[in-house]
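Hi,

Here is the structure I promised to pass on. Have a look at it first, and then read my notes below.

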Amino acid sequence: MSNGPSRRLVLGLGGALALSALPAFTAHAAPSRPTTSPLVPAGEATTLWYPEPADEDLLIEQGLPLGNGRLGALVGADPARELLHVTDATLWTGGANTTLDSDGQFPYGRDDFGSFTLLARVMLYLPGHERSAVSDYRRTLDLSNGLVTTTYTKDRVRYVREMFASAPDDTIVVRLSQSGGGSLTGAVILSGTHGETTGVDKDRNLASFSAALGNKLRYAAAVTAAGDGAITATGTRVTFTDCSEVTLVISGGTDYAPDHATGYRDPGADPLALAQDKALAAARTSAARLRDTHVADYRARYDRLTLDLGRSSGGQRRMDTWSRLKARAADGSAPDPELEASYLQFGRYLTICGSRDGLPMGLQGLWLEGNTPDWMGDYHTDINLQMNYWLADRAGLGDTFPAFADYCLAQLPAWSEVTQKQFNDSRNRYRNTSGKVAGWTVAFSTNPYGGLGWWWHPAGNAWLCESLYEHYEYTQDEHYLARIMPLLKGACEFWEARLITTTVDGREVLIDDHDWSPEQGPQDARGITYTQELLWSLFGHYEHACRTLGRDTEHGAAVGKLRDRLYLPKVSPKSGRLEEWMSEDDLGETTHRHLSPLINLFPGDRIRPDAGDPELLNGARELLTSRGMESYGWACAWRAACWARLKDADKAYRLLLTNLKPWAGGDTGTAMNFFDMYRVSDTRAIFQIDANLGTPTAMLEMLVHSRPGHIELLPALPDAWAGSGSVKGVGARGGFTVDMTWERGRVRRATLHSVGGRSTTVTAGGRSTTVTLRPGQSMRLTDLQG
């Protein structure tokens with residue numbers, strides 16, 4: 001694009017942009033019901049499908065996920081024996097965990113720090129529907145509608161099973177139906193996973209249990225059924241007999257509350273009564289209306305971003321999802337752009353299902369195979385929690401981000417208290433040598449009770465603030481910015497007390513005290529690149545926030561002066577790589593999984609192709625090159641995003657394909673159900689959700705790069721997608737969204753919508769123009785690259 005007068009690119013200024021205003025969900029409010037079916041027709045929906053049910057012992061690799069942001073389930077879709085692993089995001093063992101170990105670090109176990117655990121196992125039995133007795137079997141995860149559907153034929157009768165987790169009704173629903181004159185007879189059994197006793201209410205056809213964990217967290221679960229035949233409740237089960245259609249409803253919850261003042265408990269909550277009431281209320285509504293209410297709510301989020309990366313072949317389209325993954329990974333295989341687009345949409349599906357108005361997504365989101373998830377299924381603060389939310393604003397799901405911010409705000413009083421009481425413990429190798437302490441920081445692991453686990457992570461506060469502030473950059477929401485100011489300010493206060501002065505090249509600079517570059521190298525290094533880069537961003541963001549809000553401006557200016565004095569990393573003359581430590585030598589593994597020193601290449605912005613420092617840029621490229629192209633899923637996702645920032649489409653795309661390779665026992669790969677698998681031993685692997693969210697982030701970075709004041713279209717478009725394509729609804733920092741089409745690798749049309757932004761420069765193919773809008777306006781740009 002050109003700024004010259006001879007070429008007019010702006011064709012028209014659109015009217016006010018209509019944005020969907022979504023009401024906050026209130027568990028006790030009656031959900032609004034759609035008047036017409038909101039379903040995307042089957043032939044138009046984006047789906048994953050399989051010709052076999054999941055193996056009950058491999059549910060984490062083969063089961064399909066459901067979730068409403070609080071309740072989650074993995075479902076296997078066996079015709080005769082449907083198993084659901086049900087979770088509640090708040091069902092955590094452990095507690096505040098404030099007693100330090102002998103080395104000044106935190107205990108990190110299931111009894112002290114605690115662990116995310118299953119709420120219940122629910123088993124649906126349909127006698128006579130064994131796999132050997134049915135034909136034409138198919139199970140489908142419908143990403144467009146948020147449904148898991150199983151269909152099969154038995155004795156010439158067609159059976160359909162729909163499952164979904166409804167946010168408006170706050171329940172998990174299983175709808176069984178048939179066509180052809182058959183009937184449904186079976187039972188649903190509710191079992192706890194912590195030794196609970198299930199009881200039944202025969203008058204209300206309800207099975208339920210309630211109990212308390214060792215930390216006194218109270219919880220409950222309930223299941224009921226509704227149908228046109230006989231419904232009874234006995235023992236631990238609800239039985240249905242001779243029904244033409246049956247609706248099963250599952251609910252549950254805890255008395256957790258995001259409030260430090262009440263010990264993270266709601267003293268007035270009655271989890272059993274709530275679980276029973278929600279299940280019974282949903283069961284009084286027709287299954288079709290429950291489904292349509294859920295689909296309307298789900299699609300209000302899902303439909304904000306559409307993506308076309310090109311058309312796959314007829315042969316590819318006819319394959320089931322697992323066969324298709326394996327075919328794409330074969331040597332010499334042709335690109336399968338619709339498969340890759342569905343992987344991105346699967347990440348959006350997980351985000352909608354896993355993050356609403358409760359706790360954020362941890363290492364495994366809402367989906368577990370048992371009560372002993374690795375690393376407790378916790379909130380890791382040195383990449384994993386942050387990566388879980390890279391996708392939200394970019395993918396039109398900004399309203400899923402507040403779960404992250406609300407979590408940090410709810411934990412802040414506890415984090416501040418433990419930091420100020422215990423960070424300077426004489427046994428802590430990371431303590432402040434100044435003897436001063438203020439503000440807050442975290443450990444590498446955090447739980448929902450203000451508890452910290454494993455080692456102290458001094459720079460963890462700055463990285464959490466990086467993510468929190470980035471959400472403001474997308475939204476330009478000053479009310480939100482004011483909400484997170486205590487977090488930004490407290491993090492800055494921590495570093496004001498911690499930074500030390502040293503002399504480099506004859507100049508006094510400020511550096512980090514004894515620290516560790518995650519998760520390698522010396523544990524007592526000073527001035528590590530990871531921290532110095534994060535502080536450069538933190539101090540700049542805080543100063544800007546103070547000016548924007550007109551508060552704490554003197555403190556903001558003082559922090560800005562500290563920023564000017566920070567030591568900024570150099571390129572090693574020995575290796576040509578950006579230094580990870582204040583040393584010309586590598587003090588760790590050059591191929592390490594973490595990209596800690598490149599944090600200001602991605603997700604930060606200090607290192608970039610147009611920043612005017614080719615030596616620094618080349619040093620970052622050399623460090624990224626040395627890390628390699630093979631690693632764990634989340635590490636490959638981060639590498640892909642960095643290569644996209646460097647405009648290297650080939651390497652970014654190769655890393656996408658690395659993560660898409662089918663899981664077959666290696667270090668990493670995509671399982672049958674699209675979950676990213678992470679090998680932890682020669683015999684065992686786990687699901688870790690960050691790669692499923694980080695890889696789609698890298699894909700969107702290949703299409704649209706943004707920072708405040710600048711948007712670049714197609715910065716790293718791979719050849720596999722270059723023929724023709726489109727994307728609609730990509731979030732851009734500065735307060736915009738972007739719609740775009742391309743042909744033969746060149747942008748043809750684009751529309752910029754303001755969601756709060758006022759001015760930005762749009763670049764495509766090396767040409768740029770400045771766009772000025774008022775919030776709510778749109779502008780079309782055409783013929784961007786000739």
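Predicted model: local features only at pLDDT ≥ 70, side-chain atom pairs only at ≥ 80, totals over all residues.

Strand E10 (residues 171–179) and E9 run antiparallel, joined by 9 bridges. Their hairpin has 4 residues between the strands, and Asp170 there has a positive phi near 50°.

Lys154 has Val157 as its bridge partner in E9. These two strands also make a hairpin, with 2 residues between them, and Asp155 in the turn shows a positive phi of about 50°. Strand E9 (residues 157–166) is largely enclosed by the rest of the structure, because 8 of its 10 residues are buried.

Next, there's an open sheet of 4 strands, ordered E29-E30-E34-E35, with mixed pairing. Strand E29 (704–707) and strand E35 (767–772) are the edges, each pairing on one side only. From one strand to the next, the twist averages 20°. Strand E34 (residues 759–764) pairs with E35 in the antiparallel sense over 6 bridges, and Ala764 has Arg767 as its bridge partner in E35. Helix H17 (residues 690–703) lies across E29 and strand E30 (710–713), at about 90° to E29.

Beyond its neighbours within four places in sequence, His471 contacts Asp393, Gly398, Phe401 and Tyr480.

Cheers

Terms used: Residues numbered from 1 in each chain as written. Heavy atoms only, no water. Contact = heavy atoms within 4.5 Å. Pairing = 2+ DSSP bridges. Axes fitted to C-alpha atoms, helices over the stretch in contact; angles between N-to-C directions. Buried < 20%, exposed > 50% of the residue type's maximum accessible area, 1.4 Å probe, protein only.
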